[in-house]
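Welcome, and thanks for opening the viewer. Let's take a short walk through this model together, one selection at a time.

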Amino acid sequence: MGKRQVRISRKDILLKKSEIEGVTGHVIMADHVVHNGQILAVSDSHLELRDPRFNKHILEIGAILEVVYDKETDY
């Protein structure tokens, strides 16, 4: 199986909420800080992420540049 990188911009985060909840990936902030971990929940104003050390981060959607994660493909 292969992998493809999926990039979701800030304006599409709420539209793809069901697709990214539970996914492990990277959240790139507008100030270029990158958070890595599992996306636990997405609300109208915040994204909740748990990092590899099990710390929770509440990130404002307005401060997010994009969400990036890998998706396995059949080929």
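Which residues have the most contacts inside the largest nonpolar core? Select Ile13, Ile20, Val27, Leu47, Ile64 and Val67: these have the most contacts inside that core, which has 16 residues. A nonpolar core here is a set of buried Ala, Val, Leu, Ile, Met, Phe, Trp, Tyr and Cys residues joined through side-chain atoms within 4.5 Å. Buried means under 20% relative accessible area, exposed over 50%, and partly exposed in between, with a 1.4 Å probe and protein chains only.

Before we go on, a word on what you are looking at: this is a predicted model, in which local features need pLDDT of at least 70 and side-chain atom pairs count only at pLDDT 80 or more, while totals for chains, interfaces and linings use all residues. Residues are numbered from 1 along each chain as its sequence is written, and side-chain values use heavy atoms, with hydrogens and water left out.

**Stop 1**

Strands (E, at least two residues) and helices (H or I, at least four) are DSSP runs, numbered from the N terminus. The most is given by β6, with three residues. In soluble globular proteins, nonpolar side chains tend to be buried together.

Next, centre on Leu47. Leaving out residues up to four places away in sequence, Leu47 touches Ile13, Ile20, Val27, Ile39, Ala41, Val42, His57, Ile58, Leu59, Ile61, Ile64 and Val67. Contact means heavy atoms within 4.5 Å.

**Stop 2: His35**

Move to strand β3 (residues 34-42) and pick His35. Is His35 buried or exposed? His35 counts as buried because its relative accessibility is 19%. Beyond its neighbours within four places in sequence, His35 is in contact with Gly25, His26, Val27, Met29, Leu49, His57 and Leu59.

**Stop 3: the salt bridges**

How many salt bridges does a search of the whole structure find? There are three, a salt bridge being a side-chain nitrogen of Lys or Arg within 4 Å of a carboxyl oxygen of Asp or Glu.

Start with Arg7 in strand β1. Arg7 forms a salt bridge with Glu66, the closest N and O atoms being 2.6 Å apart. This pair links distant parts of the chain, with Arg7 in β1 and Glu66 in β6, 59 residues apart. Glu66 counts as buried, because its relative accessibility is 15%. Show the Gln5 side chain too: the Arg7 side chain makes a polar contact with it at 3.2 Å. A polar contact is a pair of N or O atoms within 3.5 Å; within protein, one must be able to donate a hydrogen and the other to accept it, and residues adjacent in sequence count only if both atoms are side-chain atoms.

Then select Lys11 and Asp12, whose side chains meet in a salt bridge (3.6 Å, N to O). Lys11 is exposed, at 68% relative accessible area.

Finally, pick Lys56 and Glu48, which form a salt bridge with the closest N and O atoms 3.4 Å apart. Lys56 is exposed, with a relative accessible area of 55%, whereas Glu48 is partly exposed at 22%.

**Stop 4: Ala30**

End in the loop between β2 and β3, where you will find Ala30. Ala30 counts as partly exposed at 41% relative accessibility. Set aside neighbours within four places in sequence, and Ala30 is in contact with Arg10, Ala63, Ile64 and Leu65.
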